[in-house]
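Subject: Structure handover

Hello,

Here is the structure for your files. My notes on the sheet, the cores and the aromatic rings follow below.

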Amino acid sequence: MKDPKTIEQTVSSALEGQGVELVDLVIQNQGRKKLLQFFVDKEGGVTLDDCSALTNQIDAVLEMENLIDGAYILEVSSPGVKRVLKKPAHFKKFVGQRVRIVLKTPLDGRGFFTGGIASADDEGFTLNDGTNQYHFTYDNIKKANLDPVLEF
């Protein structure tokens with residue numbers, strides 16, 4: 001199997017022409033097979049039909065480029081309401097939205113923060129937790145997800 005970055009870049013390039021963004025790729029072992037989970041998005045969101053068509057397209061790219069050795073399980077889905085934020089563009093897109101972040105190196109003894117993205121640029125972002133504002137650089141983010149308040 002090629003390294004995950006190569007797989008991510010190759011598939012991302014194949015999808016970009018259709019206005020589809022590869023938001024995240026998760027690879028896990030499932031017995032003797034690899035489970036590849038591709039989380040995709042596009043303007044207006046992705047439908048079940050989109051996921052079905054993209055599964056076939058991604059499968060073809062994986063096979064043509066010989067990116068995976070042996071058997072694998074392929075899943076394609078939307079990133080969901082608690083979507084992962086990985087790139088500066090994701091943070092910029094969701095300014096004003098509530099997020100939960102986990103840090104690589106704690107700040108003020110805290111390893112995670114929840115709050116709204118006040119601003120974002122190419123180097124980092126500012127989070128407002130309702131009391132204080134904190135600035136984080138992307139290289140100190142271990143994990144970041146949208147954390148919407150769902151009301152029923």
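An open sheet of five strands runs in the order β7-β6-β5-β4-β8, with antiparallel pairing. β7 and β8 (141–146) stand at the edges with a single partner strand each, so one side of each has no neighbour in the sheet. On average, neighbouring strands of this sheet are turned by 40° against each other, direction ignored. That angle uses axes fitted as lines to C-alpha atoms (for helices, over the stretch in contact), and angles run from 0 to 180 degrees between N-to-C directions.

First, the ground rules. This is a predicted model: local features need pLDDT of at least 70, side-chain atom pairs count only at pLDDT 80 or more, and totals for chains, interfaces and linings use all residues. Residues are numbered from 1 along each chain as its sequence is written, and side-chain values use heavy atoms, with hydrogens and water left out. Helices (H or I, at least four residues) and strands (E, at least two) are DSSP runs, numbered from the N terminus. Two strands pair if DSSP finds at least two bridges between them.

**Sheet**

Strand β6 covers residues 124–128. Four of its five residues are buried, that is, under 20% relative accessible area; exposed is over 50%, and partly exposed lies in between (1.4 Å probe, protein chains only). Strand β5 (residues 110–120) joins β6 through four bridges, antiparallel. Ala120 has Phe125 of β6 as its bridge partner. The hairpin from β5 to β6 passes through three residues.

On to β7 (residues 133–137). Five bridges join β6 to this strand, again antiparallel. Asn128 has Gln133 of β7 as its bridge partner. The hairpin of β6 and β7 has four residues between the strands, and Gly130 there takes a positive phi near 100°.

Strand β4 (residues 98–107) pairs with β8 over five bridges in the antiparallel sense. Arg100 is bridged to Asn145 in β8. The charged end of Arg100 also sits over the ring of Phe112, 4.2 Å from its centre. The test there: NZ of Lys or CZ of Arg within 6 Å of the ring centre and within 35 degrees of the ring normal.

**Cores**

A nonpolar core is a set of buried Ala, Val, Leu, Ile, Met, Phe, Trp, Tyr and Cys residues joined through side-chain atoms within 4.5 Å. The largest one has 20 residues, and Val11, Phe38 and Leu62 have the most contacts inside it. Elements giving two or more residues to this core are α1 (4–16), β1 (20–30), β2 (33–42), α2 (48–64) and β3 (72–77). The largest share, five residues, comes from α2.

A second, separate core has 16 residues, including Ile117, Tyr138, Ala144 and Leu146.

**Aromatic rings**

There are seven aromatic pairs. Rings of Phe, Tyr and Trp (its six-membered ring) pair if their centres lie within 6.5 Å; planes under 30 degrees apart count as stacked, over 60 as edge-to-face and the rest as tilted. Phe91 and Tyr138 form a tilted pair, 5.0 Å centre to centre, with 50° between the planes. Phe91 lies in helix α3 (residues 88–93) and Tyr138 in the loop between β7 and β8, so the pair ties together parts 47 residues apart in sequence. Phe91 counts as buried at 1% relative accessibility. Tyr138 counts as buried at 14%. One aromatic cluster is formed by Phe91, Phe113, Phe125, Tyr134, Phe136 and Tyr138.

Best regards
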